[in-house]
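Thanks for making the time this morning.

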Amino acid sequence: MKRLAGFYILAAVLIATGLIFPDSYYVTVVGVTICTNAVLAVSLNLLMGYAGQISLGHAAFFGLGAYASAVLTTKYGTNPWLAMLAGVGISGTLAFVLARPILKLKGHYLAMATLGMGIIIHIFFVQADWITGGPDGLSGIPEISIAGLAINNDIRWYWVFGGLMLFTTWISLNIVDSRPGRALAAVHGSEVAAQMTGVDTASVKAQIFVVSAVIASVAGSLFAHQQAFVSPESFSFFFSIELVTMVVLGGLASTFGAIFGAVLLSILPEFLLVFEDFEVLIYGAILMIIMIFLPEGLFVSGSRIVTGWLKKRELSTQ
Amino acid sequence: MYKTVRMIMVFAAALLLCSTYTASAGDTLKIGSFLAVTGPASFLGDPELKTLQMYIDDINSKGGIDGTKIEFIHYDTKAKAKDAKNFVNRLIKKDRVDVIIGGSTSGNTIAVMDLVEKAHVPLISLAGSVKIIEPVKKWIFKTPHTDRMAAAKIFEDIKARGFTKVALITGNGGFDKSGRAQCLALAPKYGLVIVADEKYGNSDTDMTTQITKIRSTDAQVIVNFGFGKAPAIVTKNIRQLGVKLPLYQSHGVASKKFIELAGEAAEGVRLPAAGLIVADKLPDTDPQKRVLLAYKNAYEAKYGPVSTFGGHAYDALFITVNAVRSAGSTDRAKIRDEIEKTKGFVGTGGIFNMSPSDHLGLGLDSFHMVEIKNGDWVLVN
């Protein structure tokens, strides 16, 4: 119970917001964006935060899922759920094949390799216009229905993405506290030491890479149905960077940190719109200030400050 | 504990404020726009936004449309489809606008069409692609000429000059690809053969390889579809390689910027363009001349050299204003019906005659074939 306390709080907040404000723009539109980004940030955090393997190409897996669903449902009339499964198959296979050679690299070289992968897949989306529709993208992606209920309005999409986010969070929390999770943490600490204690580091890294790619792919498939439109821009290198920023900003190696980062980076632009031309400037300044004063991320550093402060109070009252 | 409760209450109150805030004055017309004011397509969005702001201020200072003031809400998409989608969502669901004008690019417009159709908000696009109005969508209109019209106008001129073999060279952007597809589809209708179909990247800085290939074919003319910097480079490269074939550009380069970039190489280049860039050279009998000069003078007095792109925004705004006036209300459905009934509206792009089967309403005659001579546009007769 205590281990998953944070998860229950998250679920309660999510459900309460949905029930109290079913018509609010901030729930039905921004809320869906937040949940999508949170799913991606949490899945990326598995790889970056826990296994310590940087990836600058996460948006590519998100895109593969989205395009698999978009192409199969619009051009071949495939059942959306089968299309989603196909997306999972493509992303999972690609991740599996790439994992071993790519994850042998370290530091800047790993960053470069994942960056290259992301860009290649993006170029494919743009150039293979006979399949992907090219830079104009694909439109007219059909709705999906879950157990006979058509997901055809914003609040229903909020529940779908909220559900996916909770599920992803739950998976992430459980992986982290399991044997593979501890193996990942060991790899993060020192790969040599992990090998010495009997961890098959190459296979552990490959596994988590595949899990993270598959989650991103599922999110991508749902994203395609929700938007009813996909275009290559949504899966560009810049989106990969945005995802990395979310993870780092919230705090590496913390599932809730990743969610927090996703929430912040999705909401901030909405509220900064009032500053018009200065929007980007202020956005940058906020990110800089957070990274200077809370280098471990907003959530991790923040919760440390709060617990430290609580302890101090406890001591002084004693 | 007390503090925590108070914080939660403040948070809830803030949320409540956000969700209930929607201005609900009945006697204003809310026009929303999403344009690419910055980013790679800023040459489209910037004059469009300036035009809208200038004329909306002007209308409001004169008391509005029969007393109805216009409230203008604008977002910058930076030409990103994802942002376009988010902002249109915001315009519809948060700002609750009555009419939407935008986006600047075909990609941005196509990205939001499903959304707009579902929400039943009239939208007038400022983008080129024929896909926006074909097949016709109930709530979606546009003011710029289509890429198909440009291709047709170019081919008409090529045919009149007695050429039959065409070399095509296009970029990898949305505008380029769509233009290329239209050229390939239309060529047989005009009895033309496409003997070369070369492509380049829009950020490339040299296209001599593609042009060398074209030189080795028996092409009689070269047609280049593109906008931004690339067509200027193509033009320069063609002259540098000493290729003497006539060169046609699309309406995507109908701005002085192109002549500046291509320099002397631009001499003799022909392109289809709206009347705006040759406004002062049109005969006085042309019904468009008065409108064109008025817009040109107003814009240039305030911001500097005019481009046809700002003109598209002018057309969209006044089609909306006329529709609101004849509808006598700001009801979305009524405005939509009146936009569709637009007849004989003299705009900068031509004379608009819309119908339930034509949500653009411009004929081929609204394009003028122009040639660049001595760094300026000259009408081709």
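Let me begin with one pair of residues in chain B, where the side chains of Glu134(B) and Arg148(B) meet in a salt bridge, with 2.9 Å from N to O. Please keep in mind throughout that this is a predicted model, and that the distances I quote are computed from it.

To place that pair, the domain assignment of chain B gives domain 1 as 28-145 + 290-366 and domain 2 as 148-273. Across the interface of these two domains of chain B the rule finds one salt bridge, and it likewise finds one residue pair in polar contact there, with both residues at pLDDT 80 or more. On the side of domain 1 of chain B that touches domain 2 of chain B, the residues divide into six nonpolar, six polar and one charged.

How far apart do the C-alpha centres of domain 1 of chain B and domain 2 of chain B lie? They lie 29 Å apart, and 13 residues of domain 1 of chain B are in contact with 14 residues of domain 2 of chain B. Between them the two domains of chain B bury about 1100 Å², of which 67% is on carbon and sulfur atoms. Within domain 1 of chain B, the residues that lose the most area to domain 2 of chain B are Val130(B), His145(B) and Leu364(B), which together make up 43% of what that side buries.

Now to the interface of the two chains, where 26 residues of chain A are in contact with 26 residues of chain B. Chain A and chain B bury about 2400 Å² between them, with 56% of it on carbon and sulfur atoms, and in chain A it is Phe21(A), Tyr25(A) and Asp136(A) that lose the most area to chain B, together 24% of what that side buries. The count between chain A and chain B comes to four salt bridges, and the side chains of Asp154(A) and Lys93(B) meet in a salt bridge at 2.7 Å, N to O. For polar contacts between chain A and chain B, the count is seven residue pairs, both residues being at pLDDT 80 or more.

Finally, the cysteines. A disulfide is a covalent bond between the sulfur atoms of two cysteines. How many disulfides does the rule count over all chains? The count comes to zero. As for where individual cysteines sit, Cys35(A) counts as buried because its relative accessibility is 2%, and Cys183(B) counts as buried because its relative accessibility is 0%.

Methods:
Residues numbered from 1 in each chain as written. Chains lettered and ligands numbered in written order. Predicted model: local features only at pLDDT ≥ 70, side-chain atom pairs only at ≥ 80, totals over all residues. Heavy atoms only, no water. Domains from an automatic or database assignment. Contact = heavy atoms within 4.5 Å. Buried area = accessible area lost by both parts, 1.4 Å probe. Polar contact = N/O pair within 3.5 Å; in protein donor to acceptor, adjacent residues only side chain to side chain. Nonpolar A, V, L, I, M, F, W, Y, C, P; charged D, E, K, R; others polar. Disulfide = S-S within 2.5 Å. Buried < 20%, exposed > 50% of the residue type's maximum accessible area, 1.4 Å probe, protein only.
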